[in-house]
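Good morning, everyone, and thank you for making time for this.

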Amino acid sequence: WYAGSTNFDVWANRFEPDAGWGVAGLLENTDPGVAAVPKVASDAFGVAHVVWQQQIDGTFHIFTRRSVPDAGWLATQRLDSQDGSAEFPQLAVAPGGVGAAAWLQKEGTRWDVWSALYFPDGGWSTAALLEDDFDAGPGSASLENSPSVASDPSGNFAAIWSIEGRLWLRRYVVATGW
């Protein structure tokens with residue numbers, strides 16, 4: 001993540017054990033505005049995923065890119081699909097390549113927790129609502145309320161977040177869902 005002269009950009013560099021560090025490259029689109037809060041995770045095969053929030057026309061959205069060994073960074077993809085601001089993305093990738101991203105999505109004055117899943121044989125799923133209609137307090141959402149995501153070796157995930165001092169948890173179980 002780099003703060004340029006007028007906006008913030010998300011850059012990445014890849015380390016190859018036999019070749020060392022490559023050349024840093026811009027990950028996000030070149031639209032003016034803030035790109036921030038990048039998170040990175042990789043699987044056991046060296047495939048890296050990055051998620052971040054990108055401001056477009058005054059509203060934040062969640063974007064992702066994937067780096068594949070010997071192919072480099074693939075196309076940017078937007079994960080959120082709602083109209084309100086999407087912020088504070090989190091990411092986890094299981095060793096087998098299945099991934100989960102979660103973020104806060106604003107609807108009016110309230111915040112919801114959303115998620116999308118990545119499957120190596122099918123790409124990113126459509127965003128799904130995990131928790132709806134909670135008040136993140138006065139002002140805006142914060143990292144205190146944003147979800148955290150973790151995986152186990154089998155590709156199951158847990159998303160946890162805080163609402164008014166209480167912890168909430170949703171589990172994703174392979175073949176069952178959230």
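Predicted model: local features only at pLDDT ≥ 70, side-chain atom pairs only at ≥ 80, totals over all residues.

**An exposed valine, a sheet and a salt bridge**

Let me begin with V23, which counts as exposed because its relative accessibility is 77%; here exposed means over 50% relative accessible area, buried means under 20%, and partly exposed lies in between, with a 1.4 Å probe and protein chains only. Residues are numbered from 1 along each chain as its sequence is written, and side-chain values use heavy atoms, with hydrogens and water left out.

V23 sits in the loop between β5 (20-21) and β6 (25-26), where strands are DSSP runs of E with at least two residues, numbered from the N terminus. Which residues does V23 touch, if we do not count those up to four places away in sequence? They are A12 and N13, with contact meaning heavy atoms within 4.5 Å. A12 is 11 residues from V23 along the chain, and their C-alpha atoms are separated by 8.5 Å.

Now to the sheet, which is open and has three strands in the order β17-β18-β19, with antiparallel pairing; two strands pair if DSSP finds at least two bridges between them. β17 (148-151) and β19 are at the edges with a single partner strand each, so one side of each has no neighbour in the sheet. Between β17 and β18 (residues 157-163) the antiparallel pairing runs over four bridges, and A159 in β18 is the bridge partner of V149.

On strand β19 (residues 166-172) we find L169, which counts as exposed because its relative accessibility is 52%.

Finally, how many salt bridges does a search of the whole structure find? It finds one, where a salt bridge is a side-chain nitrogen of Lys or Arg within 4 Å of a carboxyl oxygen of Asp or Glu. The side chains involved are those of D80 and R78, at 3.1 Å from N to O. D80 counts as buried because its relative accessibility is 4%, whereas R78, with a relative accessible area of 38%, is partly exposed.
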